[in-house]
Amino acid sequence: MKRNLKFWAASALLAGIHLLLIFPGFFAPYDYSAQNREFSYAPPSRLHFVDRAGKTHFRPFTYALVRDDQNSGGYVEASNKPIPIRFFVRGSSYSILGIFRSSLHSFGADTSAKFWLMGTDQFGRDEFSRVLYGGRISILAGLIATLLSLILGTILGALAGFYSGWSDVLLMRGVELFLALPWLYLLLTVRASLPLHISTIDTFLLLAAVLGLVGWARPARLVRGMVLSVKERNYVQSARGFGASDVYLLRRHILPQLSSVLLTQAALLVPQFVLAEVTLSFLGLGVSEPVPSWGNLLACLQQYYVLTSYWWMLFPALVLVPFFAGYQMLAAELARRNSAATF
Amino acid sequence: MKYLGLRLLHSALLLWGVSLLAFLFVAAAPGDFADALRLNPQVSGTTIAATRARYGLDKSFPIRYARWIGNVARGDLGYSFAYDAPVASLIWTRARNTLFLTIIATLVAWLIAVPLGVWSASRHHGAANIVSTGVSSLIAVPDILLALGFLYLAVQTGWFPTGGMVSVAFDQFGYWAKLRDLIAHLTLPTMTLVIGMLPVLAQHARAAVAEALDAPFIRSARAHGIPQRRLLFSYALPFAANPLISLFGLSLAALLSGSLLVEVIMSWPGLGPLILGAVESRDIYVVVASVLASTIFLLAGNWVSDLLLYANDPRIRAE
Amino acid sequence: MIGRLADIDRSAPLLEIRNLNYEYGPRSSTSKGKSVAALRGIDLEIRAGSNLSLVGESGSGKSTFARCITRIERPTSGEIYFEGRNIWQLEFEELKLFRNHIQLIFQDSATSLNPRFTNEEIVAEPRIVHGEKNCPQLRELVIAQMERLGLSAELARRRPLELSGGQRQRLAIARALMLEPALLIFDEALSGLDLLVQERILNLLRTLQTESLVTYLFITHNLTLAQAVANEIVVLHEGTIVESVSSMDLFTFPRHDYTRRLVESAQLLRLAVTNAKG
């Protein structure tokens with residue numbers, strides 16, 4: 001029972017995070033590219049319930065910010081007019097899944113005043129919105145890369161394990177070669193073969209392809225091992241005895257046995273690939289402006305003055321923690337279930 | 001023993017394969033180092049072509065690779081366009097710095113993880129459990145957050161230097177001052193790497209020791225009345241060492257990748273910033289040499305772990 | 001739909017084996033370079049309608065033999081003819097027919113049935129592999145086959161691991177019969193089952209033989225079982241055939257030394273059991 005709780009908690013956490021990231025348009029109060037140049041590096045807006053006059057409001061509110069020229073470039077709240085925060089407000093329009101258009105946002109400030117949950121970046125863009133939109137890109141890259149590496153790994157591993165002989169030898173040497181390098185070095189090397197600045201529309205797809213290409217080795221080795229052992233089982237031999245073709249054997253008997261292992265692998269790989277994307281984009285070799293991703297959102301922190309003065313720019317990194325925690329819990333649970341199953 | 005010799009040969013072959021793979025990728029890049037010169041309108045086309053010819057960038061891939069391999073055999077790892085220096089001299093210091101950092105981090109991590117594992121394995125409740133769970137939960141924190149977080153801390157508190165390996169005035173320090181300076185600079189990168197490694201190591205250490213303590217031969221030894229401490233150190237630990245030594249080999253790849261990022265963020269002058277800069281400036285020989293250096297470390301580490309396994313486990317020696 | 005390789009010639013043997021040899025060469029890691037012969041100079045004939053039992057202890061080469069004649073393993077040398085054709089020269093359509101006509105039942109039913117399949121999927125599989133669609137007629141055929149072997153229709157949607165050992169073996173037999181084989185090989189298929197269950201299945205097999213043209217090759221280490229099934233018994237010892245007699249003669253006139261010892265220990269066992277009772 002307690003174990004089951006962990007599984008459902010992890011799933012719920014992940015579902016929640018993914019939901020936020022599939023519909024960033026709705027959950028984010030602003031567009032990721034909407035700039036407010038006068039408010040460069042503004043700190044997170046504060047929520048109040050009691051105003052300066054001492055009156056308590058039911059609805060949370062915030063104050064507009066103005067430049068504080070006395071403190072050399074900081075901001076201070078203009079305490080004249082409280083700006084209430086409402087749920088389900090109308091704002092800038094966005095597209096849902098590329099098909100529908102809407103302008104309803106989950107929350108936001110009344111009028112055109114700004115409410116920045118996580119502050120703003122250099123160009124005054126709302127960091128919270130950028131985290132949501134950026135997360136979508138990062139996770140999508142991770143998911144696509146996972147899918148690619150698993151598909152590639154399964155095909156190669158299954159063929160090598162099933163047919164053995166020289167195809168197996170070739171595969172294992174290849175796996176060894178790809179695993180002989182630390183993954184980030186391999187990733188940088190593969191990345192080096194591509195143009196430094198790629199048009200942003202294709203970037204994250206290309207990135208996902210690169211990640212998938214780099215990550216096929218471990219799944220392939222795993223699949224090959226499993227196929228080798230399942231291939232020898234009596235029910236496979238029996239099916240062969242009825243004249244089943246190789247394709248049939250793989251499709252009906254061998255590959256279904258791999259399903260739970262592949263699922264566990266997926267749960268392990270997605271966070272790894274997301275981290276790889278974040279690392280690459282942080283280093284400037286991944287997704288680049290103006291498309292946001294958690295990685296390039298963090299890139300500005302390479303400058304000391306940003307790191308020390310504008311701590312809210314660390315939020316994209318902090319958001320990674322629940323994301324990883326969720327996937328790791330899920331993977332642990334899946335692995336435990338796999339080893340508990342008798343077949 | 002012959003097995004270890006074979007492994008060495010195998011590693012050498014692997015290294016060659018990696019060099020080919022790396023060269024393939026970097027040579028496949030569109031554009032080359034000379035393209036950077038094009039941005040400067042004052043540089044003429046002939047100069048660019050001459051630069052290309054000088055560095056052999058206009059030759060075909062097989063020729064370039066063959067030439068490079070020939071040079072490597074003579075100890076010449078190529079030329080760095082960006083630094084205007086032979087690669088070998090660059091690589092040497094950088095690789096040494098990376099090795100230094102990773103070895104220190106590994107030692108510290110294992111020195112914490114193994115006792116922690118032993119402690120939490122021999123006691124099932126109370127403080128040990130809490131600490132162990134806490135450490136395990138750190139696994140969700142990525143290196144990038146740790147590094148940036150520590151850097152932030154360093155700047156806010158001023159307790160640690162904010163980057164680099166040594167202070168500017170290092171050469172003028174006396175012996176102890178030099179040591180103190182080095183340790184001060186080492187602390188943050190090491191802590192980042194250690195905390196990154198610790199959750200997995202501690203978890204495995206705990207599992208390995210727990211399994212060892214549960215083994216039949218331990219139980220019978222306990223029944224014979226052998227004291228707990230001796231049981232732990234002379235019986236259980238050597239048995240638990242096997243999976244841990246294997247873990248060491250497996251964790252190296254992640255460690256080296258982690259150190260790349262940490263070095264870049266904390267300006268530690270290792271292979272990390274070197275290869276990053278080389279990729280950005282299309283300094284192909286530096287990229288290949290850095291990749292090879294990291295691969296050598298990985299292969300060497302695995303070879304060491306094989307050696308340790310051989311030394312630790314009499315069953316392997318008997319084969 | 002399911003044809004024959006050649007017109008059945010009652011005079012020609014169903015299965016003919018000449019000088020079969022199987023060696024574990026340097027491919028075996030345990031032999032360290034020397035080759036160990038699992039089968040040596042095997043000559044055997046099985047006629048349609050006349051069951052044969054192959055008796056031998058563990059390690060005598062029985063299973064290797066079964067795997068060779070079903071084309072799972074390739075022998076080192078020798079020829080195997082099934083329905084007059086060399087089995088290693090068969091291709092495509094003829095190979096398909098071969099696979100229909102000779103079926104192998106393994107000892108361990110639990111591993112020879114895919115635990116993720118339902119029972120009716122298992123029995124239907126041979127037909128589906130041959131391209132038949134999963135239609136109601138097939139389903140009816142499957143249920144009929146299962147019931148023929150004493151497995152009720154309600155077990156159809158269950159999974160093999162929910163059945164008992166005896167039921168699983170019957171399921172495996174039902175599956176093997178779907179392709180109307182000419183030769184059915186039992187590789188220790190009844191060992192490990194309760195005696196009563198064994199007897200039930202044996203009766204079933206006898207009935208099946210009256211209904212269709214199937215011949216049995218029974219591989220076992222149990223002399224009594226061997227005798228109960230077949231008219232002829234062949235004794236395998238360390239890879240060679242040491243005795244080939246009718247089951248009557250085995251107990252009365254064992255020729256080879258090994259056979260004599262086998263018979264003696266079987267009788268002694270029986271004596272010991274009766275003595276223990278009495």
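User: Which element gives the most to the lining of the largest cavity?
Analyst: That's β6(C), with four residues. Helices (H or I, at least four residues) and strands (E, at least two) are DSSP runs numbered from the N terminus. This is a predicted model, where local features need pLDDT of at least 70, side-chain atom pairs need 80 or more, totals for chains, interfaces and linings use all residues, and side-chain values use heavy atoms, leaving out hydrogens and water. Residues count from 1 along each chain as written, with chains lettered from A and ligands numbered from 1 in written order.

User: How many residues line the largest cavity, and which lie nearest its centre?
Analyst: There are 17, with Gln237(A), Ser238(A), Gly241(A), Gln103(C) and Leu104(C) nearest the centre. Elements giving two or more residues are α8 (234–241) of chain A, plus α2 (92–101), β6 (102–105) and α6 (165–177) of chain C.

User: How much space lies in the largest cavity?
Analyst: About 180 Å³, meaning the space filled by probe spheres set on the points, which are joined across faces, edges and corners.

User: What about the classes in that lining?
Analyst: Nine nonpolar, six polar and two charged. Ala, Val, Leu, Ile, Met, Phe, Trp, Tyr, Cys and Pro count as nonpolar, Asp, Glu, Lys and Arg as charged, the others, including Gly, as polar.

User: Switching topic, what's in the lining of the second largest cavity, by class?
Analyst: Eight nonpolar, four polar and no charged residues. Among them are Phe160(B), His185(B) and Trp268(B), and helix α8 (residues 175–214) of chain B gives the most, four residues. About 60 Å³ of space lies in there.

Conventions
1 Å grid on protein atoms, 1.4 Å probe; cavity = no way out; pocket = protein on both sides within 12 Å on 5 of 7 lines; lining within 4 Å.
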